[in-house]
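Thanks for coming. Please look at the structure on the screen while I go through it, starting with a pocket and then moving to the chain and a few residues.

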Amino acid sequence: MQLELGQRELSLITQLVEARISELGPEIRRSDNRDFHDALKNDREVLVQLVQQLHECAWDPTC
């Protein structure tokens with residue numbers, strides 16, 4: 001899937017994903033349910049990969 005974004009949209013999405021990543025740390029630490037804990041950790045890993053791709057696209061217009 002491809003998605004075309006302007007610089008402003010790319011910047012905003014990147015900020016939102018980074019904010020969610022930072023929110024997940026405390027949620028993961030507080031979670032008592034092992035399945036929920038693991039799901040949150042998995043979500044964080046996916047979001048970290050996504051934000052890395054977003055940063056790469058910010059520098060590569062052919063991304």
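The lining of the largest pocket is made of 13 nonpolar, four polar and two charged residues. In that count, Ala, Val, Leu, Ile, Met, Phe, Trp, Tyr, Cys and Pro are nonpolar, Asp, Glu, Lys and Arg are charged, and the others, Gly among them, are polar. What you see is a predicted model, where local features need pLDDT of at least 70 and side-chain atom pairs count only at pLDDT 80 or more, while totals for chains, interfaces and linings use all residues. Residues are numbered from 1 along each chain as its sequence is written, and side-chain values use heavy atoms, with hydrogens and water left out.

How much space lies in the largest pocket? About 550 Å³. There are 19 lining residues, and Leu3, Glu4, Leu5, Cys57 and Cys63 are the closest to the pocket's centre. A pocket here is an open set of points on a 1 Å grid over the protein atoms alone, where a 1.4 Å probe fits and protein lies on both sides within 12 Å along at least five of seven lines; a lining residue has an atom within 4 Å of a point. Points are joined across faces, edges and corners, and the volume is the space filled by probe spheres set on them.

Which helices supply the lining? At least two residues each come from α1 (7-30) and α2 (34-59). The biggest contribution is from α2, with six residues.

Now the chain as a whole. The C-alpha trace spans about 45 × 20 × 15 Å along its principal axes. The radius of gyration is 14 Å, whereas a compact globule of 63 residues would have one near 11 Å. That radius is taken over C-alpha atoms, and the globule rule is 2.2 Å times the number of residues to the power 0.38.

Of the 63 residues, 21% count as buried. Buried means under 20% relative accessible area, exposed means over 50%, and partly exposed is in between, with a 1.4 Å probe and protein chains only.

Next, contacts, meaning heavy atoms within 4.5 Å. Taking contacts between residues at least 6 apart in sequence, 53% join residues at least 24 apart.

Let me go through some residues. Thr14 lies in helix α1. Is Thr14 buried or exposed? Thr14 counts as buried because its relative accessible area is 8%. Not counting residues up to four places away in sequence, Thr14 touches Val51, Leu54 and His55.

Over in helix α2 we find Leu40. With a relative accessible area of 4%, Leu40 is buried. Setting aside neighbours within four places in sequence, Leu40 is in contact with Leu24, Glu27, Ile28 and Ser31. Leu40 and Ile13 are 27 residues apart along the chain, and their C-alpha atoms are separated by 20 Å.

His37 also has its place in helix α2. His37 is at 14% relative accessibility, so it counts as buried. Its contacts, again leaving out residues up to four places away in sequence, are Ile28 and Ser31.

Lys41 counts as partly exposed, at 32% relative accessibility. Between Lys41 and Gly25 there are 8.5 Å in space, C-alpha to C-alpha, and the two are 16 residues apart in sequence.

Terms used: Helices (H or I, at least four residues) and strands (E, at least two) are DSSP runs, numbered from the N terminus.
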